[in-house]
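Below is a walk through one protein model, going from its surface to a helix and then to its charged pairs. Keep the sequence and the coordinates in view while reading.

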Amino acid sequence: MRVLADKFIELLKWPVAVFMLLSLPAYVQSISYFPFFTVRYLSLIAGFFCFFISWGMMDKEIKTNMEIAAHEMTHAFFALLTFHKVKGLRVNPDNSGGEMAFEGSGNWLIIIAPYFFPLFGFVVMLAIGFFVNLGEQGVNHYIANGVLGFFIGYHMDTVGSQIHEKQTDLPKVSYKFCIMFLPSANLWALGSMLAFNSRGWDGFWLYQGLIKMLNDRNLAYAKALIGQFF
């Protein structure tokens, strides 16, 4: 099963990269659909800024350890999703990096996952979905919005700090792939969390439908534009 999963994911690598590149306009356009000046989004924005205030007050060594641990845990999460047995996680004593060991050769999804997937945000979404009804108003609702905003801030800061020329993971999948895939993948993660903030998992799935609708509209517009010249 593990070998078949790796081969299938590798076959999808460049088709997924092309799809995400072509979908970039839709992901950018989707941001305008969010009602940022409602109470639930103002609560989310407050949580977002609380993250950066608290993060700025935290000891640098602790922050580095947390980022490395989260990075390796995200590798491990996707290794498990693709049927690999995780053998261990390690953070270097000098905070220079970490390592996640697993059985098998792996795939590009395991390698690239920490650079777009909000693992902690996903766990928070699962917890909120279980304990809080985002369709209702109330103190618990707004606290949940703020907590989600906090972890959106964490995700954006972590991804921003990890993408640099000395990062050893990125050349493994190629910089060309990263340029094609990562912008849309990160906008997908951000948009999905913003949509969840509105209506929970129903909002999450509505957002995926919105992206499809925008892609279809953009494709029709492109065809009509090309048709004017040919």
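In this predicted model, Tyr221, Leu225, Ile226, Phe229 and Phe230 make up a nonpolar surface patch whose accessible area is about 680 Å² together. One of its members, leucine 225, belongs to helix 9 (residues 175-227). Leucine 225 has a relative accessible area of 38% and is therefore partly exposed, since that class lies between 20% and 50%.

Helix 4 covers residues 60-81. From first C-alpha to last, its 22 residues reach 32 Å, close to the 32 Å expected at 1.5 Å a residue. Buried residues in helix 4 include Lys63, Glu67, His71, Glu72 and His75, along with Ile68 and Phe78. After helix 4 comes phenylalanine 83, with a positive phi near 70 degrees.

The structure has 3 salt bridges. In one of them, arginine 2 and glutamate 103 meet through their side chains at 3.7 Å, N to O. Arginine 2 is in helix 1 (residues 2-22) and glutamate 103 is in the loop between strand 2 (98-102) and helix 5 (108-112), so this pair ties together parts 101 residues apart in sequence. Arginine 2 is partly exposed at 28% relative accessibility, and glutamate 103 is partly exposed at 31%.

Lysine 172 pairs with aspartate 169, with 3.8 Å between the closest N and O atoms. Both lie in helix 8 (residues 169-173), 3 residues or about one turn apart. Lysine 172 is exposed at 57%, whereas aspartate 169 is buried at 8%.

Aspartate 216 and lysine 212 form a salt bridge with closest N and O atoms 3.0 Å apart. They sit 4 residues apart in helix 9, which means a separation of about one helical turn. Aspartate 216 is partly exposed at 41% relative accessibility, while lysine 212 is exposed at 53%.

Note on methods:
Residues are numbered from 1 along each chain as its sequence is written. This is a predicted model: local features need pLDDT of at least 70, side-chain atom pairs count only at pLDDT 80 or more; totals for chains, interfaces and linings use all residues. Side-chain values use heavy atoms; hydrogens and water are left out. Patches are made of residues with over 30% relative accessible area and no salt bridge: like charges are joined within 9 Å, nonpolar side chains (Val, Leu, Ile, Met, Phe, Trp, Tyr) within 5 Å. Accessible areas come from the Shrake-Rupley method with a 1.4 Å probe; for residues, only the protein chains shown count as cover. A salt bridge is a side-chain nitrogen of Lys or Arg within 4 Å of a carboxyl oxygen of Asp or Glu. Helices (H or I, at least four residues) and strands (E, at least two) are DSSP runs, numbered from the N terminus. Buried means under 20% relative accessible area, exposed over 50%, partly exposed in between (1.4 Å probe, protein chains only). The expected span of a helix is 1.5 Å times one less than its number of residues.
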